[in-house]
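This report is meant to be read beside a sequence and a 3D structure. Both are shown here.

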Amino acid sequence: MPVRRNPRPDWVQQRRVALGHRIADLRRQAELSQEELAHLAGMERRSIQRYENAQRDPQYSDLLLIAYALRVHVTDLQTD
């Protein structure tokens, strides 16, 4: 994977962490394991783990699948 010429601003990483926490919180509220959420979303458990730990940026389509599996609107994954 190519290296970025300019690193992302700190606030981008902070938002990524907030997104991961929000996914994890909603998953726990739905009483789902990472494995169960991954199955419902048609994804790998490792992907859910990476998103929750802010190790990877999810694609928009992944966010749609996660939101659908959690029975929330995709905008509910975003925190202010």
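The model is predicted, so local features need pLDDT of at least 70 and side-chain atom pairs count only at pLDDT 80 or more, while totals for chains, interfaces and linings use all residues. Residues are numbered from 1 along each chain as its sequence is written, and side-chain values use heavy atoms, with hydrogens and water left out.

**Helix H4**

Helices are DSSP runs (H or I, at least four residues), numbered from the N terminus. Helix H4 spans residues 60-70, and its buried residues are Asp62, Leu63, Ile66, Ala67, Ala69 and Leu70. Seen down the axis of H4, these buried residues fall within an arc of 160°, so they line one face of the helix. The arc is taken from the directions from the helix axis to the C-beta atoms. Buried means under 20% relative accessible area, exposed over 50%, and partly exposed in between (1.4 Å probe, protein chains only). Tyr60 and Tyr68 are exposed, on the face of H4 turned away from its buried side. The cover over the buried residues of H4 includes helix H1 (10-29), helix H2 (34-41) and helix H3 (45-52). Just after H4, arginine 71 has a positive phi of about 60°.

**Methionine 43**

Methionine 43 sits in the loop between H2 and H3. Methionine 43 is buried, at a relative accessible area of 15%. Leaving out residues up to four places away in sequence, methionine 43 touches Ala38, Ile48, Tyr51, Asp62 and Ile66; contact means heavy atoms within 4.5 Å.

**Salt bridges**

A salt bridge is a side-chain nitrogen of Lys or Arg within 4 Å of a carboxyl oxygen of Asp or Glu. The whole structure holds five salt bridges. The table lists some of them.

| Pair | N to O distance |
|---|---|
| Arginine 8 and aspartate 57 | 3.2 Å |
| Aspartate 25 and arginine 28 | 3.5 Å |
| Arginine 27 and glutamate 52 | 2.7 Å |

Arginine 27 lies in helix H1 and glutamate 52 in helix H3, so this pair ties together parts that are 25 residues apart in sequence. Arginine 27 is buried at 8% relative accessibility, and glutamate 52 is buried at 7%.

Arginine 8 is partly exposed, with a relative accessible area of 39%, and aspartate 57 is partly exposed at 38%. Arg8, Arg16 and Asp57 are linked in a network of salt bridges. Aspartate 25 and arginine 28, three residues apart in helix H1, are separated by about one helical turn.

Conventions
Helix = DSSP H or I, 4+ residues; strand = E, 2+ residues; numbered from the N terminus.
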